[in-house]
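Dear colleague,

I am handing over the structure we spoke about, and it is placed just below this paragraph.

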Amino acid sequence: MSDLFERILLLKQSLIFSGVSSDGLRVVAQMLEEENYFAGDRIYDVFDNGGHIFILQSGRIGISFIPSDSRNKSTAEIEPGECFGEMNLLDELPRTTSAYVLEDSIVLSLEKSSLRGLIFDHPELSIGMIQGLSLRLRAANLKKIKQKI
């Protein structure tokens, strides 16, 4: 299990949590659950009801818009320090992607209800997370623009 300081540094690396204060990161880091996955495992699938946000600590995760039967067709790869599964934090809609393990991985997860409780207790977390989500959306927009040029 990683220590608290390592978890805080990992959270700070991710766009979603990059705008959160050190005190806020400490609170989030204490709530994270460590999960081990092996190459070939599925973490979630398109249309699943989401209940967690995930942060990759080590290994590699593939993300696809195609259900799990096509797991070799990843649209994106998640590297250590990146979050995934975060869209469901803001809405109650089913997952729009599948996440599967490309190589043995350690993933930190946080249940949505726990995160919401943290936000109620520490409202400053939400501002930092909104900034991080905005950065992620901006990066996706820039990538799309570059593809069209």
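**Helix α1 and what covers it**

In helix α1, which spans residues 4–13, the buried residues are Arg-7, Ile-8, Leu-10 and Leu-11. As background, an α-helix has 3.6 residues a turn, so residues three or four places apart point the same way. On the face of α1 that is turned away from the buried side sit the exposed residues Phe-5 and Gln-13. The buried residues of α1 are covered by parts that include α2 (22–31), β1, β3 and β6.

The protein has an average pLDDT of 87, and 94% of the residues score at least 70. Confidence is highest in strand β1 (residues 33–37), at a mean of 97, and lowest in helix α4 (residues 124–148), where the mean is 84. In general, where pLDDT is low, the predicted coordinates should not be read in detail.

**The strands that pair with β6**

Strand β6 covers residues 98–111 and pairs with β1 in the antiparallel sense over five bridges; within β6, Val-107 is the residue that stands opposite Glu-35. Strand β2 also runs antiparallel to β6, and two bridges join them, with Arg-42 standing opposite Tyr-100 in β6. Between β3 and β6 the pairing is again antiparallel, over eleven bridges, and the bridge partner that Ile-61 has in β6 is Val-101.

**An aromatic cluster**

A pair of aromatic rings is described by the distance of the centres and the angle of the planes. With a limit of 6.5 Å between ring centres, the count comes to three aromatic pairs. In one of them, the ring centres of Tyr-44 and Phe-54 are 5.9 Å apart and the planes are at 25 degrees, so the pair is stacked, the cut-off being under 30 degrees. This pair links distant parts of the chain, since Tyr-44 belongs to strand β2 (residues 42–44) and Phe-54 to strand β3 (residues 52–64), ten residues apart. Tyr-44 has a relative accessibility of 5% and counts as buried, and Phe-54, also at 5%, counts as buried.

Phe-54 forms a stacked pair with Phe-84 too, at 5.2 Å centre to centre and with 20 degrees between the planes. Because Phe-54 lies in strand β3 and Phe-84 in strand β5 (residues 83–84), this pair ties together parts that are 30 residues apart in sequence. Phe-84 is buried as well, its relative accessible area being 2%. Taken together, Tyr-44, Phe-54 and Phe-84 form one aromatic cluster. Beside these ring pairs there is a charged residue to look at, for Arg-95 lies over the face of Tyr-44, at 4.1 Å from the ring centre.

**Single residues to look up**

Which residue has a positive phi although it is not a glycine? Phe-47 does, at about 80 degrees, whereas most residues other than glycine have a negative phi. Phe-47 is found in the loop between β2 and β3, and, with a relative accessible area of 65%, Phe-47 is exposed.

Gln-57 is in strand β3 and counts as partly exposed, at 22% relative accessibility. The C-alpha atoms of Gln-57 and Gly-81 are 5.9 Å apart in space, although the two residues are 24 residues apart in sequence.

Gly-40 has its place in the loop between β1 and β2, and at 37% relative accessibility Gly-40 counts as partly exposed. Gly-40 and Gly-85 are 45 residues apart along the chain, and their C-alpha atoms are separated by 18 Å.

With best wishes

Key: Residues are numbered from 1 along each chain as its sequence is written. This is a predicted model: local features need pLDDT of at least 70, side-chain atom pairs count only at pLDDT 80 or more; totals for chains, interfaces and linings use all residues. Side-chain values use heavy atoms; hydrogens and water are left out. Rings of Phe, Tyr and Trp (its six-membered ring) pair if their centres lie within 6.5 Å; planes under 30 degrees apart count as stacked, over 60 as edge-to-face and the rest as tilted. Helices (H or I, at least four residues) and strands (E, at least two) are DSSP runs, numbered from the N terminus. Buried means under 20% relative accessible area, exposed over 50%, partly exposed in between (1.4 Å probe, protein chains only). A charge sits over a ring if NZ of Lys or CZ of Arg is within 6 Å of the ring centre and within 35 degrees of the ring normal. pLDDT is the predictor's confidence in each residue, from 0 to 100. Two strands pair if DSSP finds at least two bridges between them. Contact means heavy atoms within 4.5 Å.
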